[in-house]
Amino acid sequence: MDWTSPLVSPWNPVLAQDLVLDKLGWCGVSWGLDWEEWTATAILAGHKTAGYFALRPRSRMHAWVTHARRAGLAVDFYLDGCWAFAAQPGTLGAAFDLSALATEYARVLPPPLGRKVAGELLEHADVPLLTTAVHHEAYPATVCALALGYPPEVTAGLLTPRRHRFPHLPDGAEFGAYCPECD
Ligand SMILES: [Zn+2]
């Protein structure tokens, strides 16, 4: 797909989610990184749209939240449990060229699906990035993926095998066309 953003990277679904390796039976690579540390760093550096994590000790988590808010990031900090959702500031439409991305989805997906997906994406232009992150599981896959900084190619892979996925409802946005439920 001919679309890029500094907030979107193939590394985001790989490094921010150890659960992928878990579901693959740990036959994957161990990256030697703490996913919570990595997520916090990637968001602050502008390499990832948003995410959730807890840093320890708790004093470090508090310090991160203070620093991130001063740097302009949007943070929902949950004192109970001492963890946070953090996101780049602003809305989906301000952070991403949604019209170009909608055109790309419409180009690579089968026509009825492509048009539907492109329309859904454009309808969410005014939603703040932090909201898309906190409620990422409630949004269409295209919005969920952007909220987490996942590449649209992975999302298109998730959306394409709909007939197969009818009995196996889509798993995490990280999986793309891969189905962890069957061989
Ligand atoms: Zn399956």
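This briefing looks at a cavity and at a pair of packed helices. The model is predicted, so to speak for itself: local features need pLDDT of at least 70, side-chain atom pairs count only at pLDDT 80 or more, and totals for chains, interfaces and linings use all residues. Residues are numbered from 1 along each chain as its sequence is written, and side-chain values use heavy atoms, with hydrogens and water left out.

**The cavity**

- There is one cavity of 30 Å³ or more (on a 1 Å grid over the protein atoms alone, a set of points where a 1.4 Å probe fits but cannot get out).
- The largest cavity holds about 50 Å³ of space, a volume being the space filled by probe spheres set on the points.
- Lining the largest cavity (an atom within 4 Å of a point) are Ala16, Gln17, Trp35, Thr39, Lys48, Gly51, Tyr52, Leu148 and Tyr150.
- Helix 3 (35-44) and strand 1 (50-53) each give two or more residues to that lining; helices (H or I, at least four residues) and strands (E, at least two) are DSSP runs.
- By class, the lining has five nonpolar, three polar and one charged residues, with Gly counted as polar and Tyr as nonpolar.

**Helices 9 and 10**

- Helix 9 (residues 141-148) packs against helix 10 (residues 152-159) at an angle of about 150°, and their axes (lines fitted to C-alpha atoms, with angles from 0 to 180 degrees between N-to-C directions) are 10 Å apart.
- That angle makes the two helices roughly antiparallel (over 145 degrees).
- Ala141, Thr142 and Ala145 in helix 9 meet Thr155, Leu158 and Leu159 in helix 10, contact being heavy atoms within 4.5 Å.
- This contact has four nonpolar, two polar and no charged residues.

Notes: On a 1 Å grid over the protein atoms alone, a cavity is a set of points where a 1.4 Å probe fits but cannot get out, and a pocket is an open set with protein on both sides within 12 Å along at least five of seven lines; lining residues have an atom within 4 Å of a point. Angles under 35 degrees count as roughly parallel, over 145 as roughly antiparallel, 65 to 115 as roughly perpendicular and the rest as oblique.
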